[in-house]
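Subject: Structure for your review

Dear colleague,

Please find below the sequence and structure that I am handing over to you. My findings follow directly after it.

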Amino acid sequence: MSAKVYYSSMKCNMNQSPLNKIKKLINKCGITDIYGKNDITAVKLHFGEYGNTAFLRPVYLRPVLETLNRIGAKPFLTDTNTLYIGMRTNSVDHLHNAVLNGFGYSTLQTPIIIADGLKGESYTNLEVPNGEIYKSAKIASVIANADKLFVINHFKGHEMTGFGGAMKNLAMGCASRAGKNEMHSSVRPTVDPEKCTACGRCKMACDAGAITISKHASINDKCVGCAMCISACPKHAVDVDYNVACDTLQQKIVEYAAAVHSHFKEVVYVSVLTSIVPACDCHGGNDAPLIHDLGFMASTDPVAIDKASYDLVVKTAGKDVFQEAWPHLNPQDSFAHAKKIGFGNTEYELEIIK
Ligand code: SF4
Ligand code: SF4
């Protein structure tokens, strides 16, 4: 079986807006059948870390939001707090970051809700269908509780998975802090004694009673890996060891993505193939693009849209620019695991939309 993926290139005549192309693509995906009046709809995106300039341009959300509003749905923009310390570690900084990057209400007339609570503590366990690693995934409660989900991705390279697209946005992007920790690390966080001032804030944040304080904080084996101590520390002394091998990380991402997709069953995915830089938008900076802007894809299958986007980049470049950028990993590991657990389709039919 193959999935349908719709593609429109960046090529436009002077009177043709790329935004109309996105509108055509989402209509082809059946947006008016999938989303309905009064559906509270989480529009999942990545606001980009402050300082990065490659992230999704807010203007690309206009055709999506206009269409959802015309249907009578109630869209809101959403993302989750990060595991690492940055401008998106808690909901307060995250909202500032979103506005600084152009996603404010005055621009898009759409509310923003950070999906996993003030410090990434709020999640709902969703079943992983046919999971080999997980039986359930810790997904941000606001996303899990939404009536519908719409996912818009900036397709680009990624230092730990080769590329980042729909599956990454669904998995790492919808996971709570504990979920991110469970994907990124197989061990508990550690404390850097050089940075720790023994203030005790991490201990107060730890519901598991896993932290003791003497000269500095120590984490013991009561730790359940919730990662709440990371955001609690004002000295950035707590961190995880990002020790999971890249192939295992990709498999974990696939299983988390499968949990979110199957929870909603019908989701429209849009991937924007512009500013295809080597690394994730989580960085407060970015390198030059690996290739020129390619356009937009849409599908209701997150695996197929990633495969089609990846194939288009490789075909256009005449080489695997992601593999070249990150030679230590195989960007296609995720497709192999998706196939193994029966999630989505790696086979697709690409329909070109003018
Ligand atoms: S990860 Fe969670 S359980 Fe472990 S020490 Fe930190 S706050 Fe406590
Ligand atoms: S919050 Fe940070 S600085 Fe304070 S005791 Fe914990 S690790 Fe040390």
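In which helix does alanine 317 lie? Alanine 317 belongs to helix H12, which covers residues 302-317. Please bear in mind throughout that this is a predicted model. Alanine 317 has a relative accessible area of 27%, so it counts as partly exposed.

Eight strands make up an open sheet with mixed pairing, in the order E4-E3-E2-E7-E14-E15-E1-E16. Its edges are strand E4 (112-114) and strand E16 (348-352), each of which pairs on one side only. On average, and with direction ignored, neighbouring strands of the sheet are turned by 25 degrees against each other.

Strand E1 can be described in some detail. Of its 7 residues, 5 are buried, so that E1 is mostly covered. E1 pairs with E16 in the parallel sense over 5 bridges, and with E15 in the antiparallel sense, also over 5 bridges. Valine 5 illustrates both pairings: its bridge partner in E16 is leucine 350, and its bridge partner in E15 is serine 299. Strand E15 (residues 295-299) is in turn joined by 5 bridges to strand E14 (residues 268-273), and these two strands run antiparallel. Here leucine 273 has glycine 295 of E15 as its bridge partner.

Two helices that pack on this sheet deserve mention. Helix H1 (residues 18-28) lies across strand E1 (3-9), strand E7 (148-154), E14, E15 and E16, and runs at about 170 degrees to E1. Helix H4 (residues 91-100) also packs on the sheet, where it touches strand E3 (74-79) and E4; the direction of H4 makes about 145 degrees with that of E4.

Helix H3 (residues 62-71) has several buried residues, namely Pro63, Val64, Leu65, Thr67, Leu68 and Ile71. These buried residues pack against H1, helix H2 (31-34), strand E2 (40-44), E3, helix H5 (105-108) and E7. Just after H3 comes glycine 72, with a positive phi of about 100 degrees.

The nonpolar interior is the next topic. In soluble globular proteins, nonpolar side chains tend to be buried together. The largest nonpolar core here holds 91 residues, and the members touching the most others are Leu61, Leu77, Phe103, Phe150 and Ile152. Helix H11 (residues 246-264) gives the most to this core, with 9 residues. Another core lies apart from it, with 16 residues that include Cys202, Ile211, Ala217 and Val240. As for isoleucine 152, its contacts beyond four places in sequence are Val43, Lys44, Leu45, Leu56, Tyr60, Leu61, Val64, Asn169, Val270 and Val272.

There are also ligands to report. Around ligand 1 are Pro189, Cys206, Ala208, Ala210, Ile211, Ile219, Cys223, Val224, Gly225, Cys226, Ala227 and Cys229. By class, this shell has 11 nonpolar residues, 1 polar residue and no charged residues. Ligand 2 is surrounded by 15 residues, of which Cys196, Cys199, Gly200, Cys202 and Cys233 are the closest. The shell around ligand 2 comprises 11 nonpolar, 2 polar and 2 charged residues.

Leaving aside neighbours within four places in sequence, serine 176 is in contact with Asp116, Gly120, Ser122, Tyr123, Lys138, Ile139 and Ala140.

Asparagine 38 sits in the loop between H2 and E2. Its phi is near 70 degrees, a positive value in a residue other than glycine. With a relative accessible area of 43%, asparagine 38 is partly exposed.

Lysine 265, in the loop between H11 and E14, likewise is not a glycine but has a positive phi of about 70 degrees. Lysine 265 is exposed, because its relative accessible area of 63% lies above the 50% cut-off.

Yours sincerely

Notes
Residues numbered from 1 in each chain as written. Chains lettered and ligands numbered in written order. Predicted model: local features only at pLDDT ≥ 70, side-chain atom pairs only at ≥ 80, totals over all residues. Heavy atoms only, no water. Core = buried A, V, L, I, M, F, W, Y, C linked by side-chain atoms within 4.5 Å. Buried < 20%, exposed > 50% of the residue type's maximum accessible area, 1.4 Å probe, protein only. Helix = DSSP H or I, 4+ residues; strand = E, 2+ residues; numbered from the N terminus. Contact = heavy atoms within 4.5 Å. Near = heavy atom within 4 Å. Nonpolar A, V, L, I, M, F, W, Y, C, P; charged D, E, K, R; others polar. Pairing = 2+ DSSP bridges. Axes fitted to C-alpha atoms, helices over the stretch in contact; angles between N-to-C directions.
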